[in-house]
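Work through the exercises below with the sequence and the 3D view open. Try each task before reading its solution.

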Amino acid sequence: MAVYVADSDKPPIRRVVYLVQPDTVTNAHELFGEFLSIVSEKRIHCALIVILATSIGILYSLVAPVMYRSELTLLPNESQGGVQIGGQLGELGGLASLAGLKLGSTRSEEPLAVLRSRGFAARFIESRSLVEPINTAANWFPHFWSRRQPDIRDAVDEFTDNLVQIDVSTKTGLITVAVSWKDPIEAANWANGMARQINAEMRQRALDESTRNIGYLREKLKTETIVSLQQSMGRVLESELQKVMFAAGSDQYAYRIVDAAEIPKERSQPKRVLIALLSFLSGALGAFVWLLTQLTPRQRSQEEASL
């Protein structure tokens, strides 16, 4: 409600004064009282909703598969047997590019990209015959509507999405590989096995690449007559030979194992206390919303009766 007040000594000024209607406070008290009345009347229904939601959460936490998490810490090996030759290549760099060779390259991002790739996951799964165990664990809850037989693609999806987590620290550069599996011993073995496999694959790639580069350089040295190019090719050839020796004699070529994975003692999933608490809160929220739906029709009927 608005009241306009005019001052006689000064030019007319509209002053708006809002008066609080007592009916608003009365309606709020009546609404709160009505809500308490419904709570008292429907308390058994509310308790059943909370108990049902909590029971469903507890039942799920009991039947859900138990998972164990094992972590492995890796440090990128920046050297990888290569040296920075930069401007030593000259014309040789262009010729090598035309020949499809990569001379003196240091690619610290490549091992991480391979480690996160689906191809690496597929090779790791096939090397350990994990297609059936992973698909069986992923389909622990029966899907009656699905008739498609799981294959290696489903195992790779489950492996990369749910079983393995790879994190990189922006401050230290350390790489954490975490493996979750129902068997704690297998979880630790998988994490350590992934470190061994990525090192073996990157070492073999370096050996194959350096072998091709060495063959190319030796052929060029036979036909090259310019002394400066011969010297550049000699330095590059020395670098490639160093890479071969480093790769052949190092088991930890791409990554150094800072902290090997250990067998976990406690499960990581399911978190039964947390699931039970969230289920209880969900049930309480559901009961509250249901009470509000019961309050609305009564309030409307009272307003229509007052009119």
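**Exercise 1.** Which residues of α7 are buried?

*Solution.* The model is a predicted one, in which local features need pLDDT of at least 70 and side-chain atom pairs count only at pLDDT 80 or more, while totals for chains, interfaces and linings use all residues. Residues are numbered from 1 along each chain as its sequence is written, and side-chain values use heavy atoms, with hydrogens and water left out.

Step 1. Helices (H or I, at least four residues) and strands (E, at least two) are DSSP runs, numbered from the N terminus. Buried means under 20% relative accessible area, exposed over 50%, and partly exposed in between (1.4 Å probe, protein chains only).

Step 2. Apply them to α7: the buried residues are D154, A155, V156, E158, F159 and L163.

Step 3. Find what covers these residues. The cover includes α5, α6 (131–138), β4 (164–168), β5 (175–181) and α8 (184–223).

**Exercise 2.** Describe how α5 and α7 cross.

*Solution.* Step 1. Two packed helices are described by the angle between their axes and the distance between the axes. Axes are lines fitted to C-alpha atoms, for helices over the stretch in contact, and angles run from 0 to 180 degrees between N-to-C directions.

Step 1. The axes of α5 (residues 118–127) and α7 (residues 152–163) come within 9 Å and cross at roughly 110°. Therefore α5 is roughly perpendicular to α7. The classes are: under 35 degrees roughly parallel, over 145 roughly antiparallel, 65 to 115 roughly perpendicular, and the rest oblique.

Step 2. List the contact (heavy atoms within 4.5 Å). From α5 come R118, A121, A122, F124, I125 and E126, and from α7 come I152, R153, A155, V156, D157, F159 and T160.

Step 3. Sort these residues: 8 are nonpolar, 1 is polar and 4 are charged. Here Ala, Val, Leu, Ile, Met, Phe, Trp, Tyr, Cys and Pro count as nonpolar, Asp, Glu, Lys and Arg as charged, and the others, Gly among them, as polar.

**Exercise 3.** What is the geometry of the ring pair F124 and F159?

*Solution.* Step 1. Rings of Phe, Tyr and Trp (its six-membered ring) pair if their centres lie within 6.5 Å; planes under 30 degrees apart count as stacked, over 60 as edge-to-face and the rest as tilted. By this rule there are 3 aromatic pairs.

Step 1. The ring centres of F124 and F159 are 5.7 Å apart and the planes stand at 35°, so the pair is tilted. Because F124 lies in α5 and F159 in α7, this pair ties together parts that are 35 residues apart in sequence. Both F124 and F159 are buried.

Step 2. W181 and W190 form another tilted pair, with 4.7 Å between centres and 35° between planes. W181 is buried at 5% relative accessible area, and W190 is buried at 1%. Ring pairs link F124, F159, W181 and W190 into a cluster.

**Exercise 4.** Is L72 buried or exposed, and which residues does L72 touch?

*Solution.* Step 1. L72 lies in strand β3 (residues 68–76). Its relative accessible area is 0%, so L72 is buried.

Step 1. Leaving out residues up to four places away in sequence, L72 touches I175, T176, V177, A191, N192, A195, I257, D259, A260 and A261.

Step 2. Take T176 from that list. T176 is 104 residues from L72 along the chain, yet their C-alpha atoms are separated by 5.6 Å.
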